[in-house]
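Subject: Two-chain model for your review

Dear colleague,

Please find below the structure I mentioned for your review. My notes on it follow the display.

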Amino acid sequence: MTAETSAGSSKSARAENRMEYLLRLGDDRLVLGHRLSEWCGHAPILEEDIALANIALDLIGQASLLLDLAAKAENKGRDADALAYLRDAMDFRNALLVELPKGDFAVTIVRQLFYAVFAMLQGEALQRSSDKNLAGVAAKAVKEFRYHVRHSADWVLKLGGGTIESHARAQRAVDELWSYTGELFLADDVDRAAAEAGFGVDPSQFESTWESTVCDVLARAGLIVPETAYMQRGGRQGRHTEHLGHMLAEMQIVARSHPGASW
Amino acid sequence: MSPVTATRDDIFEILDRVKDPEVPVLSVVELGIVRDARVQGDGVTITVTPTYSGCPAMRVIEEDIRSALMSHGFGVVHLETVYAPAWTTDWMTAEAKRKLEAYGIAPPGPAPRDSLVSLTRAPSSVERMRCPYCHSLETEMRSEFGSTACKAIAYCAKCRQPFEVFKAL
């Protein structure tokens, strides 16, 4: 291999790493944003209907910015819409936690706490990314995630300390979701390469902060962290639960039925 | 003023008449969305910073900025979106905050500076909320999310009215 082609291939490896890393960030937000939007018109009270729709809007807005950056890194003529609407489940790189069905209100709220604390810590680190576009999107997102953390923590305290029914449902949600939290902090070659390049961040570095923050809220809510050694994984590599395919079928149908339509 | 001789101040004056579609009492300049303007020939580049990542009003705002400048003779209007530094309500002028209150929306207090998050509602935002109708401080936060991304819902115990609060961000 000549020096020139070797430089060229390391440049394309870097672009591929960026694309892959940005897809993970964008897909988490797109999929969770869609799951939250399923509450629109169905939340238990009007204020929560509005709150969940607002949070969904923040996430989908962030997803659109991140997928736009991913499309530019890929540089193959696809745009953010093509990435959101024309990929199949195995090409999605979101963590399994965000694709699980919305469940009852307790499942939605507990997942929000788990994800929002993670995303806030991730965003705080990404504000220092060597890529000024990613750093800017992260700086904006951190402000939004602080609201999401407060909103979900507030509700976990209410549900955990509420009635026998709300406490039981909150505990069931914690039990169901806990084994999906480990994947958020599992760093692989993609994360490590992005972190080494100064572009991304290794998620394992804020695992202990996440755990102490989340466990503090759960303890104050009288909720118990299950003793699960096994953690689910696979989403970052495209191995998803059956739920993602069903969700995408609904999310993508308009764009796929009317290619190139605009409104 | 012709496009060729226009200064940055002239451009800001034109854009000060472009209102936010969701808070029509404030202009895009007063809100701090317009960060910079550079004139080149008969064209102009406007730098904007969105309020929220998913603000649905941003596209309308960009179209309104474009058409306002084109109606003043600018041939080419470039819009450049900048995300850092992130938009903050501290960029709103005191005059803008007065207009908000007169319009019936409690203005934002100072933006929170600490990076740590209090896990329950921000006490600072609760303390500073003044009812825009009767000016009582006997108010409480009902929901930190309101009719638009930038507003929260509060309630005044004195005049028994719900009211909107512009979130400090």
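Predicted model: local features only at pLDDT ≥ 70, side-chain atom pairs only at ≥ 80, totals over all residues.

Interface between the chains

The contact between the two chains involves 29 residues of chain A and 22 residues of chain B. On the chain A side, the elements that contribute two or more residues are α2 (46-74), α5 and α6 (132-160). Of these, α6(A) supplies the largest share, 16 residues. By residue class, the side of chain A that touches chain B consists of 14 nonpolar, 5 polar and 10 charged residues.

Helix packing in chain A

Two helix pairs deserve attention, and α7(A) takes part in both of them.

From α5(A), the contact draws on A106(A), V107(A), V110(A), R111(A) and F114(A), while α7(A) contributes R169(A), A170(A), A173(A), V174(A), E176(A) and L177(A). Sorted by class, the residues of this contact are 8 nonpolar and 3 charged, with no polar residue.

The second pair is α6(A) and α7(A), which pack at an angle of about 125 degrees with their axes 7 Å apart. That angle makes α6(A) oblique to α7(A). Here V156(A), L159(A) and G160(A) of α6(A) meet S166(A), H167(A), R169(A) and A170(A) of α7(A). The residues of this contact divide into 3 nonpolar, 3 polar and 1 charged.

Domains of chain B

Chain B is divided into domain 1 (3-81) and domain 2 (94-166). Between them, 9 residues of domain 1 are in contact with 7 residues of domain 2. The side of domain 1 that touches domain 2 comprises 5 nonpolar, 2 polar and 2 charged residues.

The three-stranded sheet of chain B

In chain B, 3 strands form an open sheet of mixed pairing in the order β1-β2-β3. Its edge strands are β1 (34-40) and β3 (76-81), each of which pairs on one side only. From one strand to the next, the twist averages 20 degrees. β1(B) and β2 (residues 43-48) of chain B are antiparallel and pair over 6 bridges; within this pairing, V34(B) stands opposite V48(B) in β2(B).

Two helices accompany these strands. Helix α1 (residues 8-15) of chain B lies across β1 and β2 and runs at about 125 degrees to β1(B). Helix α2 (residues 58-71) of chain B packs on the sheet, where it touches β2 and β3, and its direction makes about 150 degrees with that of β3(B).

The four-stranded sheet of chain B

A further open sheet of chain B has 4 strands in the order β4-β7-β6-β5, again with mixed pairing. β4 and β5 (139-143) of chain B stand at the edges with a single partner strand each, so one side of each is left without a neighbour in the sheet.

Strand β4 (residues 105-106) of chain B runs parallel to β7 (residues 161-166) of chain B, and 2 bridges join them. β6 (residues 151-156) of chain B, by contrast, runs antiparallel to β7(B) and is joined to it by 6 bridges. E164(B) in β7(B) stands opposite I105(B) and is also the bridge partner of I153(B). A154(B) has F163(B) as its bridge partner in β7(B).

Finally, β6(B) and β7(B) form a hairpin with 4 residues between them. In the turn, R160(B) has a positive phi of about 55 degrees.

With kind regards

Definitions and conventions: Residues numbered from 1 in each chain as written. Chains lettered and ligands numbered in written order. Domains from an automatic or database assignment. Nonpolar A, V, L, I, M, F, W, Y, C, P; charged D, E, K, R; others polar. Axes fitted to C-alpha atoms, helices over the stretch in contact; angles between N-to-C directions. Pairing = 2+ DSSP bridges. Parallel < 35°, antiparallel > 145°, perpendicular 65-115°, else oblique.
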